[in-house]
Amino acid sequence: MIHPTALDEEVIFDGRSLISETDTRGTILYVNRKFVEMSGYSREESVGQTHNLLRHPDMPKQVFEQLWRTIKSGNIWEGYVKNLRKDGKFYWVIVNIVPYFDENGNITRFISSRKVAKREEIEAISKTYVQMCEIEKIASA
Ligand SMILES: Cc1cc2nc3c(=O)[nH]c(=O)nc-3n(C[C@H](O)[C@H](O)[C@H](O)COP(=O)(O)O)c2cc1C
């Protein structure tokens with residue numbers, strides 16, 4: 001059971017290597033120890049799922065649509081993401097996703113790492129994300 005006061009509690013990411021790997025559909029193949037520590041989900045709980053496990057309701061849909069368009073076309077995507085932990089707390093990161101290719105140029109998997117986002121950047125981007133979510137809500141009404 002998530003304690004209700006945990007829901008607006010932030011955990012600060014310390015910048016130590018936070019890695020995950022997925023197949024081309026986004027199914028998690030690998031998470032490192034830091035991923036387990038930050039998300040609260042064990043390897044058994046996260047491998048075989050998608051990163052939707054971490055999706056925070058404050059994240060606009062458009063961000064993930066743009067993420068998928070970018071990586072599926074073979075490009076690197078980097079962006080600010082607010083992630084939801086198993087305990088209901090959240091953490092901000094800059095997610096970097098790199099596609100990997102086989103010898104025929106087909107994408108085989110995606111590898112993601114995470115960097116620390118600066119406080120002032122988080123403040124600015126979270127305002128933008130609130131506006132984006134509001135627009136999405138109006139558009140879907
Ligand atoms: C390698 C990789 C890493 C991802 N990392 C995250 C992440 O840290 N947090 C997150 O919410 N979504 C992440 N995503 C995007 C999710 O796959 C998913 O699109 C997102 O959580 C929104 O869920 P939905 O697409 O089911 O709506 C990642 C995707 C890939 C391919």
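## Basis of the description

Residues are numbered from 1 along each chain, following the sequence as written. Because the model is predicted, local features need pLDDT of at least 70 and side-chain atom pairs count only at pLDDT 80 or more, while totals for chains, interfaces and linings use all residues. Helices (H or I, at least four residues) and strands (E, at least two) are DSSP runs, numbered from the N terminus.

## The shell around the ligand

The ligand is surrounded by 16 residues, of which the closest are His51, Asn52, Arg55, Phe110 and Ser112; a residue is near a molecule if its C-beta atom, placed from the backbone, lies within 6 Å of it. At least two residues of the shell come from each of strand S1 (20–22), helix H3 (61–72), strand S3 (77–84), strand S4 (90–101) and strand S5 (107–115).

By class, the shell has seven nonpolar, eight polar and one charged residues, where Ala, Val, Leu, Ile, Met, Phe, Trp, Tyr, Cys and Pro count as nonpolar, Asp, Glu, Lys and Arg as charged, and the others, Gly among them, as polar.

H3 has 12 residues and reaches 17 Å from its first C-alpha to its last, close to the 16 Å expected at 1.5 Å a residue, the expected span being 1.5 Å times one less than the number of residues. Its buried residues are Val63, Leu67 and Ile71. They cover an arc of only 50° around the axis, which puts them on the same side of H3; the arc is that of the directions from the helix axis to the C-beta atoms.

On the other side of H3, Glu65 and Arg69 are exposed. A residue is buried if 20 or more other C-beta atoms lie within 10 Å of its own, exposed if 12 or fewer, and partly exposed in between, with C-beta atoms placed from the backbone. The cover over the buried residues of H3 includes S3, S4 and S5, and just after the helix Gly74 takes a positive phi of about 90°.

## The largest nonpolar core

The largest nonpolar core has 16 residues, and those with the most contacts inside it are Leu67, Ile71, Val93 and Ile97; such a core is a set of buried Ala, Val, Leu, Ile, Met, Phe, Trp, Tyr and Cys residues joined through C-beta atoms within 7 Å. Strand S2 (28–31), helix H1 (33–39), H3, S3 and S4 each supply at least two residues of this core, and its largest share, five residues, comes from S4.

Leaving aside residues up to four places away in sequence, Val93 touches Phe13, Leu18, Val81, Asn83, Arg114, Lys115 and Ala117, contact being defined by C-beta atoms, placed from the backbone, within 7 Å of each other.

Val63, found in helix H3, counts as buried with 20 C-beta neighbours inside 10 Å. Asn52, in the loop between helix H2 (43–46) and H3, counts as exposed with 8 such neighbours inside 10 Å. Asn52 and Val63 are 11 residues apart in sequence and 13 Å apart in space, C-alpha to C-alpha.

Gly79 lies in strand S3 and is partly exposed, with 16 other C-beta atoms within 10 Å. Not counting residues up to four places away in sequence, Gly79 touches Val63, Leu67 and Val95.

## Helix H4

The 22 residues of helix H4 (residues 119–140) should span 32 Å at 1.5 Å a residue, and the end C-alpha atoms are 31 Å apart, which agrees. The number of buried residues in H4 is zero, so this helix lies largely in the open.

How values were computed:
Two residues are in contact if their C-beta atoms, placed from the backbone, lie within 7 Å.
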